[in-house]
Amino acid sequence: MSVLAIPGWIGRRTLAALAVFGRVALFALGAVSHILRPPYYPREIGLALLNIGWLSLPVVGLTAIFTGGALALQIYAGGARFNAEAVVPQIVAIGMVRELGPVLVGLMIAARVTSSIAAEIATMKVTEQIDALVTLSTHPMKYLVGPRVLAALITVPLLVGVGDVIGIAGGYAVSVQNLGFNAAAYLTNTVNFLELRDIVSSLVKGAAFGMIASVMGCYYGMNSGRGAQGVGRATKGSVEAAAVLILAANFVLTGVFFSV
Amino acid sequence: MIEMQDVHKAFGDNRVLQGMTLTIPKGTSLVIIGGSGTGKSVALKCILGLIQPESGRILVDGKDASKGDRDAFLARFGMLFQGGALFDSLPVWQNVAFRLLRGSLKRPQEEARQIAIEKLRRVGLKADVADRLPAELSGGMQKRVGLARAIAAEPEIIFFDEPTTGLDPIMAGVINDLIREIVTEMGATAMTITHDMTSVRAIADDVAMLHDGVIQWTGPVAQMDASGDPYLDQFIHGRAEGPIEAVR
Ligand SMILES: Nc1ncnc2c1ncn2[C@@H]1O[C@H](COP(=O)(O)OP(=O)(O)OP(=O)(O)O)[C@@H](O)[C@H]1O
Ligand SMILES: [Mg+2]
């Protein structure tokens, strides 16, 4: 193999990655345009809201409460080294609202929702159900993809909001029960310290992560290969892609909201 | 009338259709026969636009099938998929009435359900399967639900991909009669794929044999036995010896 083969390989890989990126972006645009135009499928949207939003609450709540509690313990222990134990409420609040809330909820949604969307749609593809939909004059983008993306766009920001609150509650519980904080003072400190920008960034991240999680699930499902192996690959690929993209988007959004 | 003109389709280096040309006059029943994996299902999917052929033309009533209003085009078709392709998240009756519950053919729910139950009865299924999920049915029952779904909206053109595979001989007879009835009474145009020679004789006006990516023989079913075509003869008599290699 000549030395020149290496840049060639890198170039081809880059082009291929860009092509995939373009296809995903077009897919996402298509999904949004189908959400906006009739016909609408209220039953599908309702089911998607239930599956993506409501049924994700337990996992989101549990993740947030443990994380908030652990965060309080860590900040207390770390702060003690330079007599700054008192900052626990403030740091728990911005830690949860700005970063941990959106990221953890996003990753949980990638694990729970992206995988199930990808597996379901890929199975439908493999068993010709997508073809059957088309022959029954129903557009798969509208019937399958649109409702799921819409539901994720609506519910994931709400889930992030719930996660933020529960995470702060976890920190509060640990601080008041175990670390000797005054309950009322803890709450005032939390509320006074948070800015509108923190909350807006949290919800915007939620919407972005919801979009990423649902679009990746649908994209991998609709482009699944054949057979059980195709379904397995689609599911694995969708979760990997969603998780990595969520973390990357988080970095970018944090930069956008907080670098000035 | 459906016309396929010199249609080519390959998957990678697997060349499946290599210049398939075929005409199905309106209101007639054509049966496609041919070895497993020769591309019969692919041919149906090409006409429906589920698979894009690389070259060749497909005309329905003289108009290019790939152009114009897709929804209006597809509203004329019913299709039974080889694997049934039932929606496993919906109960049987909603599968059958899928078209009648949404879109341009939408009816009140109760009416759609009655039509679904009537169609289920025509394929030999009782009303009590209506509320079950497809996964709770046997393979042959799923196939018949797929058939009921294909005919539910009384389309002008119906494709049946192996309608009797997996059915007992009596039920196969019922389905053959049903397909024949749909063509003669409703004037539908039907294209059926089958490996069952009894079905061929019961359903077909015309027969076409697909081999090596092209139509090897086509003609009225009455001439099938006296065609003199060695490929067709070998196929309809199920002989291992002949021009079609049995071991590939
Ligand atoms: N989506 C696809 N991707 C790749 N190859 C395909 C695809 N669909 C069909 N093929 C290939 O095309 C060929 C023809 O398939 P097709 O399903 O049309 O066969 P068939 O004539 O219907 O056979 P059978 O009687 O067994 O149903 C096969 O070799 C199959 O592997
Ligand atoms: Mg087939």
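The model is predicted. Chain A has nine helices and zero strands. Helix α4(A) packs against α8(A) in a roughly parallel way, and it lies oblique to α7(A). Between chain A and chain B, about 1500 Å² is buried, and the count of salt bridges is one.

**Overall make-up of chain A**

- From the N terminus on, the elements run α-α-α-α-α-α-α-α-α.
- The C-alpha atoms fill a box of roughly 65 × 60 × 35 Å, taken along the principal axes.

**Helix α4 with helix α8**

- In chain A, α4 spans residues 88-126 and α8 spans residues 196-222.
- Their axes come within 7 Å and cross at roughly 15 degrees.
- Angles under 35 degrees count as roughly parallel, so α4(A) and α8(A) are roughly parallel to each other.
- The crossing of α4(A) past α8(A) is right-handed.
- By class, this contact has 15 nonpolar, six polar and six charged residues.

**Helix α4 with helix α7**

- Helix α7 of chain A covers residues 183-193.
- The axes of α4(A) and α7(A) come within 8 Å. They cross at roughly 45 degrees.
- That angle makes α4(A) oblique to α7(A).
- α4(A) passes α7(A) in a right-handed crossing.
- On the α4(A) side, the contact residues are A:V88, A:P89, A:Q90, A:V92, A:A93 and A:I94.
- On the α7(A) side, they are A:Y186, A:N189, A:T190 and A:F193.
- By class, the contact of α4(A) with α7(A) has seven nonpolar residues, three polar residues and no charged residues.

**Chain A with chain B**

- Chain A gives 15 residues to the contact, and chain B gives 22 residues.
- The two chains bury about 1500 Å² between them, with 59% of it on carbon and sulfur atoms.
- In chain A, A:E128, A:T135 and A:L136 lose the most area to chain B. Together they make up 37% of what the chain A side buries.
- A:E128 also takes part in a salt bridge: its side chain meets that of B:K45 at 2.5 Å, N to O.
- The count of salt bridges between chain A and chain B is one.

Conventions. Residues are numbered from 1 along each chain as its sequence is written. Chains are lettered from A and ligands numbered from 1 in the order in which they are written. This is a predicted model: local features need pLDDT of at least 70, side-chain atom pairs count only at pLDDT 80 or more; totals for chains, interfaces and linings use all residues. Side-chain values use heavy atoms; hydrogens and water are left out. Axes are lines fitted to C-alpha atoms, for helices over the stretch in contact, and angles run from 0 to 180 degrees between N-to-C directions. Helices (H or I, at least four residues) and strands (E, at least two) are DSSP runs, numbered from the N terminus. Angles under 35 degrees count as roughly parallel, over 145 as roughly antiparallel, 65 to 115 as roughly perpendicular and the rest as oblique. A crossing is left-handed if the near helix is turned anticlockwise from the far one by less than a right angle, and right-handed if clockwise. Ala, Val, Leu, Ile, Met, Phe, Trp, Tyr, Cys and Pro count as nonpolar, Asp, Glu, Lys and Arg as charged, and the others, Gly among them, as polar. Contact means heavy atoms within 4.5 Å. Buried area is the accessible area (1.4 Å probe) that two parts lose on being put together, summed over both. A salt bridge is a side-chain nitrogen of Lys or Arg within 4 Å of a carboxyl oxygen of Asp or Glu.
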